[in-house]
Amino acid sequence: NRAKDAIWSLVERKDIDTIAIDGGEQFYEDLLYAYYGKSFQISTKRTAYGPINEEFKTVIKSCGTKHLIIAFESKDEYRRTGKKDPETGEPQSVATGRQVPKGFNDIGYYVGALVELSRDPDGTFEASFRMCQEKASLFGESGVNVLQNDMITFPWLASLMREDTTPDDWE
C-alpha cells in the first residue's frame with residue numbers, strides 16, 4: 001500500500017516531527033480494498049474487520065516517535081435500544097445526537113487526544129476535546145469549544161494538553 005509506505009518513509013526522517021493524514025476514513029477504506037480487493041466482499045460480521053483494524057493500529061503505533069494528526073469525517077453515533085425489528089429481527093438503534101469518526105471506530109483508544117472540529121451556525125469554527133489521555137480534565141464540559149477559528153492549530157492544541165508548555169514551544 002503506497003499510503004503506508006509514504007507514512008513509514010516520513011517516520012524514518014529525522015527532520016520531520018509531525019505527520020498528518022487528511023482523510024483517515026479514506027485511509028481506512030484503502031486498507032480494506034488492499035486486503036479484500038476491489039470486490040469489497042466483506043462479511044457483515046465484525047470479525048471481517050479484524051485484520052484491517054490491526055493494520056490501522058500498526059500504522060498508528062509505528063508513528064510513535066512523531067506527532068500524528070489524523071483527520072476523520074464524522075457520522076451520527078447510534079446506540080442499540082435492546083429491541084429487535086419485528087420484520088427483520090435485526091437489532092434496533094437510535095441516534096444519540098453525537099458525532100463519531102467515520103472509519104476506524106476505536107481510534108480514541110490508540111491516540112493521545114480525540115478532537116472534534118465543528119462549525120456553529122454563525123460560521124465560527126470550534127475545537128472540542130472528546131478525549132485526552134495526557135490531560136483528563138479536558139474531557140467533558142471543560143474541553144468543549146476550547147479553541148476557535150485561527151487558534152485551532154497544532155501548537156495551541158498541544159499546549160492545552162501539556163500544562164508546562166506554550167504554543168511557542170510547539171512551533
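Colleague: How should I read the exposure of S9: does S9 count as buried, partly exposed or exposed?

Modeller: In general, buried means under 20% relative accessible area, exposed means over 50%, and partly exposed lies in between (1.4 Å probe, protein chains only). S9 has 37% relative accessibility and therefore counts as partly exposed. Keep in mind that this is a predicted model, in which local features need pLDDT of at least 70 and side-chain atom pairs count only at pLDDT 80 or more, while totals for chains, interfaces and linings use all residues. Residues are numbered from 1 along each chain as its sequence is written, and side-chain values use heavy atoms, with hydrogens and water left out.

Colleague: Where is S9 placed, and which backbone oxygen lies 2.7 Å from a polar atom of its side chain?

Modeller: S9 sits in helix α1, residues 2–12 (helices are DSSP runs of H or I with at least four residues, strands are runs of E with at least two, and both are numbered from the N terminus). The backbone oxygen belongs to A6.

Colleague: What is the phi of N145, and where does N145 lie?

Modeller: Although N145 is not a glycine, its phi is positive, at about 50 degrees. N145 belongs to the loop between β6 (125–132) and β7 (147–148), and with a relative accessible area of 32% it is partly exposed. N149, also not a glycine, has a positive phi of about 45 degrees; N149 is found in the loop between β7 and α4 and, at 37% relative accessibility, counts as partly exposed.

Colleague: Why does E171 count as exposed?

Modeller: E171 counts as exposed because its relative accessibility is 73%, and its place is in the segment after α4 (154–161).

Methods: Polar contact = N/O pair within 3.5 Å; in protein donor to acceptor, adjacent residues only side chain to side chain.
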